[in-house]
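Work through the exercises below with the sequence and the structure side by side. Try each task before reading its solution.

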Amino acid sequence: MTGARILPLAEAVAEHVHDGDTAAFEGFTHLIPFAAAHEVIRQRRRDLTLVRMTPDLIYDQLIGMGCARKLVFSWGGNPGVGSLHRLRDAVEHGWPVALEVEEHSHAAMANAYAAGAAGLPFATFRGYLGSQLVDVNPNISFVTCPFTGERLAAVPALRPDVAVVHAQRADRAGNVLFEGIVGVQKEVVLASRRAIVTVEEIVDDLRPPSLNSVVLPSWTMSAVAEAPGGAHPSYAHGHYARDNAFYKAWDAIARDRHTFTAWMAEHVAGDDTQVDAR
Amino acid sequence: MDYSATEMMIVAAARALQNSDVCFVGIGAPSAACNLARLTHAPDITLIYESGTIGTKPDVLPLSIGDGELAETALTTVSVPEMFRYWLQGGRVSVGFLGAAQIDRFGNLNTTVVGSYDAPTVRLPGGGGAPEIASSCAEVFIIAKHAPRTLVNRLDFVTTFGHGEGGDHRARLGITTAGPTLAITDLCTMHPDPETRELVVASLHPGVERTTVEERTGWPIRFGGAVDETPPPTADELDVLRDLNARTDRAHIQT
């Protein structure tokens, strides 16, 4: 098996995230790969289908910078604060680019990642009963259990072109350790054709704290890149806490198109980067 | 002792939880109510957040459902697919505690859009865990501020199925759990009518007039045969809630 290559983040993104890809940047509140997304913004990727249970600030930024044409998601707010204004502006007004939406519940997406990791064509679970999401999303269907006759929900497996996640550390062979709220990190990597993992640090000894720690072998990933602080303003357990003050401040930054683009130019993209409104 | 309508709402919601409950906690008001219960009459309650934390005991209210303190104080933290498959769908949760942007008389919830789905006036966050929380937990409690734009005659979108069109609608869809059994607002508490499943006022908070409830409800709301007065918050309940909120405010302004 070929192991993941340890690369600078810019090279990992250049090699593995392409225009038009279906890309899943995951991390359930914790370990959200902001540094990698900022590199995607700087490299001006376009027409991405962005998959993520909770779009969070990371997709507000990618959508607001015009990187996405479609969003697959299950909860699109700023947790505990309010709306994702760039997501709303794209859905409600098509700015800077019209955004197609495929909307699920958390249970559906979690099951769809697990089905992708398991190599199954679809996921089945007890859900969506009575919900109008069934009427607006053609990727929600139902199957009948052949043994009990129970009607169960079915959604296609998620098989992204590329997964992008963050973790606490990797060793020099590219094996990766996740700790704390592990979300769907393992499932999305195993469900995707390629995977980039950013880590807080690359170390000689991975030091898994338990025999059952969440560790992904190097050969399940394409590239590992060191990106200290790469999950900020989300957090990396054991390294830094969630920047709740920034999540609150983002509401005012993202509410207005000009404030948003100015903030992104100053902090992420560089002053020469323009948002392509189409 | 003076208290606000919101404090009355959180206290009334907390009292509905029992020490033996396993509760799936939504963010915001549900989280405040569940932690107040844990810090007062229900010290052994098991609180579960959808980020995978089981038996969590946060010292401050989390801003998100996945703040680090939830994992640090949890008995165990599982993956999100495991949370939804084994713990929620597996039938291990006794109460799901939900908020919503819109609620109708049968406890159906909208967290998706105001206006039409394809051209919404307001794009709301979406369903998250709620559709399956409402069908897989043994019962569901709903908490919301009482306003005409929240308690509406007709939902713009049914994100989460409560009692549908009422009566035995849940059973007809093959749902075996009880669904919404209690709704708490800053004016009153409501239970579904045993036959029609329409939410009916069970108790009015102290000082609240029936006309106020009628004015702030989007459908012609009914009152139960014996409408009680909700017991006001005790000094202890208010002290614990205010300490919790003060700790939370201090924690969230730090970076």
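**Exercise 1.** Is A:Val189 buried or exposed, and why?

*Solution.* Keep in mind that this is a predicted model.
- Step 1. Locate the residue: A:Val189 sits in helix α7 of chain A.
- Step 2. Count its surroundings. There are 27 C-beta neighbours inside 10 Å of A:Val189.
- Step 3. Apply the cut-off. A residue is buried if 20 or more other C-beta atoms lie within 10 Å of its own. A:Val189 is therefore buried, with its 27 neighbours.
- Step 4. Name contacts beyond four places in sequence. For A:Val189 they are A:Ala163, A:Val165, A:Ala195, A:Leu216, A:Thr220 and A:Met221.
- Step 5. Check one distance. A:Pro160 is 29 residues away from A:Val189 along the chain, yet their C-alpha atoms are separated by 9.1 Å.

**Exercise 2.** Trace the pairing of strand β4 of chain A with β3(A) and with β7(A).

*Solution.* 
- Step 1. Start with β3(A), residues 48-51. This strand pairs with β4(A), residues 68-73, in the parallel sense over four bridges. A:Thr49 stands opposite A:Lys70 of β4(A).
- Step 2. Turn to β7(A), residues 100-103. Four bridges link this strand to β4(A), again with parallel strands. Here A:Val72 faces A:Glu102 of β7(A).

**Exercise 3.** Describe how domain 1 of chain A meets domain 2 of chain A.

*Solution.* 
- Step 1. Domain 1 covers 5-105 + 158-269, and domain 2 covers 106-156.
- Step 2. The C-alpha centres of the two domains lie 25 Å apart.
- Step 3. Count the contact: 14 residues come from domain 1 and 17 residues from domain 2.
- Step 4. Find the elements on the domain 1 side. β7(A) and α7(A) each give two or more residues. α7(A) gives the most, with four residues.
- Step 5. Sort that side by class. Domain 1 brings seven nonpolar, three polar and four charged residues.

**Exercise 4.** Which parts of chain A supply the side that touches chain B?

*Solution.* 
- Step 1. Take the totals. In the contact, 49 residues of chain A meet 44 residues of chain B.
- Step 2. List the helices. α4, α5, α6, α7 and α8 of chain A each supply at least two residues.
- Step 3. Pick the leading element. α5(A) gives the most, with six residues.
- Step 4. Sort the chain A side: 22 nonpolar, 17 polar and 10 charged residues.

Technical notes. Residues numbered from 1 in each chain as written. Chains lettered and ligands numbered in written order. Predicted model: local features only at pLDDT ≥ 70, side-chain atom pairs only at ≥ 80, totals over all residues. Pairing = 2+ DSSP bridges. Contact = placed C-beta atoms within 7 Å. Nonpolar A, V, L, I, M, F, W, Y, C, P; charged D, E, K, R; others polar. Domains from an automatic or database assignment. Buried ≥ 20, exposed ≤ 12 C-beta atoms within 10 Å, placed from the backbone.
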